[in-house]
Amino acid sequence: MTSRIPTDLLGGSWYIFQRYSPLFWYGVRNTLIISLTATVIGLFIGLLVASVKTSKISPKDSFFAKGVKKFFWLLSSIYIEGFRGTPMIVQAVFLYHGLRPYLQWTPLSAGIVIVSVNTGAYMAEIIRAGIQSIDDGQYEAARSLGMSTWTTNRKIIFPQAIRNAFPAIGNEFVVNIKDTSVLNVIGVTELYFQSASVAGIVFRFRDTFFVTAVIYLFLTFTITRILRVIELKMDSPAGFGLASSSMPNSFSFLKKKGGQS
Amino acid sequence: MNKFLLASMASLLLLAGCSSNIDSENQIVVGLECDYAPFNWTQIESSDTAVAISGSIGYCDGYDITMATAIAEGLGKELIVKKIAWEGLEAALSSKEIDMIVAGMTDTAERRERVSFSDPYYASDMVLIVRNDSPFMSATSLAQFSGAKVVAQRGTFHNDLVPQIPQVVHMTPLTSFPLLANAVISGESDAMVSERPVAISIVNMNPQLAIVDFAEGFGFETDVEETTVSVAIRQSDTELRTQINAILAGISDETRNLWMADALSRQPEGIE
């Protein structure tokens, strides 16, 4: 009487991968959906919060405007410190169960919101560094052309800040692919959760999680390469002009590729 | 920029629309781990007895599913299965994500403060699982496990039984049965606490493990209600409780044992 599963690491892992690949792929799908969506939403949260954090209070502002700016500055600081200073696994349990009575959300939607808000806090600091790397002279030039603060940010500051911070932004995506694994604690059926399920069927932890490790490594390695290619394209002459044009045109190299085919 | 904004708005709207719609008139939602064979497990193929897991991939089968199907039939409702981690089951019940827990859960005084229980739907006894090359293999009483490293599942009464062994090394409890089995296989623990049907499943899948059972009076001292499992429902659902009890009363002990034997033989990855 023997189990059907080979006893050695590679044989056992291969058997488990072949037999239970639908469960693994379902987990991969959810892991990618959550990490990609949350990185994009987190980037927008980061832009918003970073622009609040970097907006300067000028002596010419009215008393009311000063108050509003200070209030939002304080709010942004609390948000950033709160979410960077606590582990995501704690945020997940607290927010999911705490808000469930009011929101009736599913683990998947809760997972996307939690990772987005968590990423937003890190993105805010990444974007802030990107914004601060831009010379003050550009603000002055924009102001002398009659641009509003929002137009200046949108057309001049953000495209350059995003470009300067691109490696760090891409890194957040890779980090999110790995960190979504903590969402298994609220029952999100991402890759780690699915792996634990497979381990529960086959009662073989070492072999199951070897498969999981290889899948995670494949995902992060592939995405790191893709991000590197995008980064090189941005640095190439075709990527120049980024600072002077609006966002969609700044990715003109992507459009060019599409146009050739 | 606008396209990005639109796309993110759209995805947020999608998220908002994600909340599940359960038709409580015609459906009954059961929550379980699908990770506690032979009471419940996950499989990728459909079968006559397995039920598709709602909102995920795969099917759930096992003794609990057979019982939940019988309850749903008795109520005249369609059975919806949700896969939820053990720690999240009671929260899911109170937030009305599920209507009942049929997950090999034991009726305890502590749990009864938060949920209400039906009459038992299975009775079992407690055993220990050891490696088959272990010196504890030949033990016939709990006293012979003196000095052994023993582990049990966190948040269960199994864990409260461990101190009954004299001079026991009570290992930090773990969250799931596969993890417990792994701890014994790796030698981190000498023995794990389990109910008999679950122990049979684990030993079937791990030939290097064996069951040590005890004659009457030499094993764990348990209250009768501790070694039974019941259906958990919300305290407010008194009518549902009456209905479930009436259905359970119609299922004899012979039928229950037969269903458990069937569940044990249906398990995926069992020995050939």
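Along the sequence, the chain reads α-α-α-α-α-α-α-α-α-α-α.

Of its 261 residues, 36% count as buried, a residue being buried if 20 or more other C-beta atoms lie within 10 Å of its own, exposed if 12 or fewer, and partly exposed in between, with C-beta atoms placed from the backbone. Among contacts in chain A (C-beta atoms, placed from the backbone, within 7 Å) that join residues at least 6 apart in sequence, 78% link residues at least 24 apart.

Strand β12 of chain B, residues 191-195, has 5 of its 5 residues buried, so the strand is largely enclosed by the rest of the structure. In a regular strand the side chains alternate between the two faces of the sheet. In β12(B), Ala191(B), Val193(B) and Glu195(B) point one way, while Met192(B) and Ser194(B) point the other way.

Two strands pair if DSSP finds at least two bridges between them. Strand β9 of chain B (residues 126-131) pairs with β12(B) in the antiparallel sense over 5 bridges, and Met126(B) has Glu195(B) as its bridge partner in β12(B). Strand β10 of chain B (residues 149-151) pairs with β12(B) in the parallel sense over 2 bridges, with Met192(B) as the bridge partner of Val151(B).

## Basis of the description

Residues are numbered from 1 along each chain as its sequence is written, while chains are lettered from A and ligands numbered from 1 in the order in which they are written. As the model is predicted, local features need pLDDT of at least 70 and side-chain atom pairs count only at pLDDT 80 or more, whereas totals for chains, interfaces and linings use all residues.

Note on methods
Helix = DSSP H or I, 4+ residues; strand = E, 2+ residues; numbered from the N terminus. Contact = placed C-beta atoms within 7 Å.
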